[in-house]
Amino acid sequence: MILVNTDYIAGKDLEMLGLVKGSTIQSKHMGKDIAQGFKSLVGGELTSYNEMMSEARDLATSRMIAEAEALGADAVVNIRYASAAVMQGAAEVMAYGTAVRFR
């Protein structure tokens with residue numbers, strides 16, 4: 001599966017199959033959430049949240065790929081990511097793009 005954030009793939013004629021997406025809501029356990037709260041008082045990178053968001057992007061991407069594969073896609077173009085806080089310490093991440101087949 002080819003994944004790109006452009007709306008084309010050089011040298012390929014594309015047939016659009018439709019929008020595909022994947023999403024997840026992730027959170028860290030209470031202990032890490034409290035530790036990161038203290039870290040925010042002194043500044044610096046919040047590594048637990050960074051890891052959480054990276055895991056969420058990976059899971060959302062794999063769910064998007066599964067949706068594209070179910071349509072018989074060869075690639076997903078114009079991939080975008082969106083995120084939103086749903087509560088303290090939890091975030092939704094969505095990956096979406098256009099599933100395409102090579103002609």
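## A buried glutamine

Gln 26 counts as buried because its relative accessibility is 18%, and the cut-off for buried is under 20%. Please keep in mind that this is a predicted model. The residue sits in strand E2, and its side chain makes a polar contact of 3.2 Å with the side chain of Thr 24.

What does Gln 26 touch, not counting residues up to four places away in sequence? The list is Met 52, Glu 55, Ala 56, Leu 59, Gly 89, Ala 90 and Ala 91. Two of these names come back below: Met 52 and Ala 56 are among the buried residues of helix H2, and Gly 89 lies in the turn of a hairpin.

Four strands make up an open sheet with mixed pairing, and their order is E1-E3-E4-E2. At the edges are strand E1 (2-3) and strand E2 (14-27), each of which pairs on one side only.

E2 and E4 run antiparallel and are joined by 13 bridges. Within this pair, Thr 24, the polar partner of Gln 26, stands opposite Val 93 in E4. As a general point, side chains in a regular strand alternate between the two faces of the sheet.

Strand E3 (residues 75-87) pairs with strand E4 (residues 90-102) in the antiparallel sense, over ten bridges.

How many residues lie between E3 and E4 in their hairpin? There are two, and Gly 89 in the turn has a positive phi of about 80°. Gly 89 is also one of the residues that Gln 26 touches.

## Helix H2 on the sheet

Helix H2 (residues 47-70) packs on the sheet and touches E1, E2, E3 and E4. Its direction makes about 145° with that of E2. With 24 residues, H2 reaches 35 Å from its first C-alpha to its last, close to the 34 Å expected at 1.5 Å a residue.

Which residues of H2 are buried? They are Ser 48, Tyr 49, Met 52, Met 53, Ala 56, Ala 60, Thr 61, Met 64, Ile 65 and Ala 68. After H2 comes Gly 72, with a positive phi near 80°.

Key
Residues numbered from 1 in each chain as written. Predicted model: local features only at pLDDT ≥ 70, side-chain atom pairs only at ≥ 80, totals over all residues. Heavy atoms only, no water. Pairing = 2+ DSSP bridges. Contact = heavy atoms within 4.5 Å. Axes fitted to C-alpha atoms, helices over the stretch in contact; angles between N-to-C directions. Expected span 1.5 Å × (residues − 1). Buried < 20%, exposed > 50% of the residue type's maximum accessible area, 1.4 Å probe, protein only. Polar contact = N/O pair within 3.5 Å; in protein donor to acceptor, adjacent residues only side chain to side chain.
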